[in-house]
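Dear colleague,

I am handing over the structure that we spoke about, and I would be glad if you looked through it before reading on. My notes on what was found in it come after it.

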Amino acid sequence: MGENSEIAPVADNLIQPFQMAEAGVRGRVVRLGSALDSILKRHDYPDTVAHMLGEGLVLAAVLGGALKFDGIFTVQTKSDGPIGMIAADLTTPGSLRGYAAFNEDMLRQAEKAGSDKSIKKYLGGGYAAFTIDSADTGQRYQGIVDLEGDSLQSCMENYFARSEQLETRLHVAVEKKNGKWRAGGLMIQRLPEESLAELKQEQANEGWRNAEALAATVKPEELTHPHLRASELLYRLFHEDGVWLYDVSELQDKCSCSAERVMKTLVSFSRENLEEMAEDGEIGVDCQFCSTHYAYTVDDVEAARE
C-alpha cells in the first residue's frame, strides 16, 4: 500500500448486540458516523450543543436497540440551563433523529465559566426521561430521573439502578474530527436472575464484576475510531469470556414526520382555529427535527376532512 493510500472506513451507523453467556452479561455497541454528522450539521449547532445531542442520540440507539416490537424510543431532557431541551429518538428498526433547544446568551456565559460537571454547567436543574411508544399496542411507558452526575450516561445508569434494579453500565464518546462528527457507545447489562438458571450466584457475581472492570477500560477513541470494527472492539475487551455476536441493526438519519401526519394534526382543529393560524392564506408547519416545511391552505385542510 502506498504512502498516500487511505484506509477505507469500516461499517458505521449500526447497533451490534452481543452476549457473554458464561458471565451472565448482555450488551450492545453503537457506532455512528455519517448519520450523526448529518443530524448535527442540519441545524448548525454550536459544538457544545452538538456534543450533548450526540450523546443523547447514542443513548437512544443503544437503549432503544433492545425493542422487540415496532415503536419509538425517546431520550429527552428538560432543564433550566443554557441547553433547555435535548430530544433524540430511535424509530424501529433504525431511524434516528434529534433536536436541541438552547439559549445563546446563557450558553456563551456557561462556556466562559469554570465547572467540573457538564450536566450542571450546560443543562442545569431538571430531568431526563426516556419514553417507549409501542406502535403495536398504542401503549406508552415512561421513566424519569433527575439530571445528576457528570453526563447523560450517568443519569441513565442512575435510572436503571433506582427504578429497574437492573445493573447497567454505559460508556459514550462523541468527537468532532476534521470537521465531521462521530460517536460510539457501549452498554453492558447483567442478565435477570431468571435468565441465569445455569449459573451459580457466585459465578454470576464474578462474571459481572469482571465485565464491569473490562468495560471500564474502553477508551473514547476506541468507541469513535473509524477503522475499528465493533466486533474487533468486543474481542479486545471480552475475548476471555467468549462473546456471542447477534445480527447487526443498521441506523440511518431519517425523520418520522410526513405530510400525512401533519395533515392528521391540522384536521383536528376547527376552521376558525385554522384561519387564525394562517398567514397570508397559508398554514406553515416546520419540523423541528429535520427542518422540513409543510404548507397548506385552510381549504386544503377542509378538503381533507371529507
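**What was found**

Arg-97 lies over the face of Phe-289, at 3.7 Å from the ring centre; a charge is said to sit over a ring if NZ of Lys or CZ of Arg is within 6 Å of the ring centre and within 35 degrees of the ring normal. Please keep in mind that this is a predicted model, in which local features need pLDDT of at least 70 and side-chain atom pairs count only at pLDDT 80 or more, while totals for chains, interfaces and linings use all residues. Residues are numbered from 1 along each chain as its sequence is written, and side-chain values use heavy atoms, with hydrogens and water left out.

The structure also holds 7 aromatic pairs, where rings of Phe, Tyr and Trp (its six-membered ring) pair if their centres lie within 6.5 Å, and planes under 30 degrees apart count as stacked, over 60 as edge-to-face and the rest as tilted. Phe-73, Phe-130, Tyr-159 and Phe-160 form one aromatic cluster.

How buried is Phe-130? Its relative accessible area is 6%, whereas that of Phe-160 is 9%, and both count as buried (under 20% relative accessible area, with exposed over 50% and partly exposed in between, using a 1.4 Å probe and protein chains only).

Turning to the sheet, 6 strands form an open sheet with mixed pairing, in the order S7-S6-S3-S4-S5-S12; two strands pair if DSSP finds at least two bridges between them. Strand S7 (140-146) and S12 stand at the edges with a single partner strand each, so one side of each is left without a neighbour in the sheet. Strands S3 (residues 71-79) and S4 (residues 83-91) run antiparallel and are joined by 7 bridges, and Thr-74 has Asp-89 in S4 as its bridge partner.

Notes
Helices (H or I, at least four residues) and strands (E, at least two) are DSSP runs, numbered from the N terminus.
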